[in-house]
Amino acid sequence: MDKLILIGAGGHSKVIQDIANASNEFETFAVVDDAIDGTNQTDGIIYANTSFIDSLQVEHFKFCIAIGNNATRREIFATLGIPIEQYAVLIHPTAVVSKSAEIGNGTVVMPNAVVNADSIIGKHCIVNTAAVVEHDNRMEDYVHISPNVTLSGIVSIGEGTHVGSGATVIPGKIIGCWCTIGAGAVVVGNIGKHVTAAGVPAKKIVKN
Ligand SMILES: CC(C)(COP(=O)(O)OP(=O)(O)OC[C@H]1O[C@@H](n2cnc3c(N)ncnc32)[C@H](O)[C@@H]1OP(=O)(O)O)[C@@H](O)C(=O)NCCC(=O)NCCS
């Protein structure tokens with residue numbers, strides 16, 4: 001079994017620990033976070049400051065940036081400089097992933113999610129609980145598809161975009177990079193870059 005180190009100790013990290021426990025591939029070795037002072041051990045797992053990684057030979061471990069914020073995952077990946085091959089692909093055993101789908105290192109696929117044929121998912125993405133990624137999707141790095149999202153066939157999502165819980169994207173639509181799609185939205189047209197859109201049908205919204 002590979003020894004897994006989770007970077008981030010919040011709620012998202014707890015879900016990823018469950019995925020690691022449910023798989024027969026990984027055992028959680030340590031959870032590190034900038035908010036932890038010193039080092040302690042609970043139930044056989046080391047909890048330590050992120051600087052703990054500096055004392056390790058990273059090639060002996062697998063890593064996952066267990067933080068929900070897309071920009072933060074990108075920043076941490078760049079800062080730590082751990083080679084991308086050392087990042088695990090974590091797939092919960094109840095998820096259904098087509099043999100023809102590709103999933104990048106650092107990406108997590110949560111319980112009951114589905115990734116269908118010929119979809120390509122980038123690095124450090126999150127396919128959250130019960131999300132459906134239909135056939136031939138393209139998802140760039142650092143995307144987060146929240147619980148119960150439905151991406152219909154041939155949807156493209158740009159880098160860093162967050163699709164909120166329960167949103168639906170109809171077939172063939174393109175969403176640009178670093179967008180936020182509101183919870184429950186129905187995306188029926190293409191969406192540009194750096195846009196926040198919500199509602200049915202989804203329209204650009206202005207923050208209060
Ligand atoms: C869309 C979203 C990002 C907007 O957040 P925000 O920028 O802070 O926007 P505000 O709360 O200031 O709301 C701005 C306007 O949009 C409306 N709005 C906000 N979220 C909406 C949504 N999901 N659907 C429809 N309208 C929404 C607000 O009612 C408000 O309307 P008003 O101007 O008529 O009063 C946020 O509400 C949202 O849905 N985030 C997704 C969260 C999520 O699913 N997380 C999953 C974690 S796993």
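**Reading strands, helices and a pocket**

Q: Which residue stands opposite Ile-175 in β20?
A: Ile-157 is the residue standing opposite Ile-175 in β20. This is a predicted model, in which local features need pLDDT of at least 70, side-chain atom pairs count only at pLDDT 80 or more, and totals for chains, interfaces and linings use all residues. Residues are numbered from 1 along each chain as its sequence is written, and side-chain values use heavy atoms, with hydrogens and water left out.

Q: How many bridges join β17 to β20, and what is the order of the strands in the open sheet?
A: Strands of a sheet pair through backbone hydrogen bonds, either parallel or antiparallel. Strands (E, at least two residues) and helices (H or I, at least four) are DSSP runs numbered from the N terminus, and two strands pair if DSSP finds at least two bridges between them. Here, 2 bridges join β17 (residues 156–157) to β20, and the two run parallel. They belong to an open sheet of 5 strands with parallel pairing, in the order β8-β11-β14-β17-β20. Its edge strands, β8 (102–103) and β20 (174–175), each pair on one side only.

Q: Do β3 and β4 run parallel or antiparallel?
A: Strands β3 (residues 39–42) and β4 (residues 45–48) run antiparallel, joined by 4 bridges. Thr-39 stands opposite Ala-48 in β4, and Gln-41 has Ile-46 as its bridge partner in β4. The hairpin of β3 and β4 has 2 residues between the strands, and Asp-43 takes a positive phi near 50° there. Strand β4 is also joined to β2 (residues 26–32) by 3 bridges, and these two run parallel. In that pairing, the partner of Val-32 in β4 is Ala-48.

Q: Which residues of α1 are buried?
A: Buried means under 20% relative accessible area, exposed over 50%, and partly exposed in between (1.4 Å probe, protein chains only). In α1, the buried residues are His-12, Ser-13, Ile-16, Gln-17, Ile-19 and Ala-20. They cover an arc of only 160° around the axis (taken from the directions from the helix axis to the C-beta atoms), so they sit on the same side of α1. Lys-14 and Asn-21, on the other side of α1, are exposed.

Q: Where is Tyr-87 placed, and is Tyr-87 buried or exposed?
A: Tyr-87 is in the loop between α2 (70–80) and β6 (90–91). Tyr-87 is buried, because its relative accessible area is 1%. Beyond its neighbours within four places in sequence, the contacts of Tyr-87 include Ile-7, Phe-63, Phe-77 and His-124. Gly-106 is also among them: Tyr-87 and Gly-106 are 19 residues apart in sequence and 4.8 Å apart in space, C-alpha to C-alpha.

Q: Which residues line the largest pocket?
A: Rolling a probe the size of a water molecule over the atoms shows where empty space is left. On a 1 Å grid over the protein atoms alone, where a 1.4 Å probe fits, a pocket is an open set of points with protein on both sides within 12 Å along at least five of seven lines, and lining residues have an atom within 4 Å of a point. Among the residues lining the largest pocket are Asp-33, Asp-34, Thr-50, Thr-72 and Glu-75. Helix α2 gives the most to this lining, with 5 residues.

How values were computed
Contact = heavy atoms within 4.5 Å.
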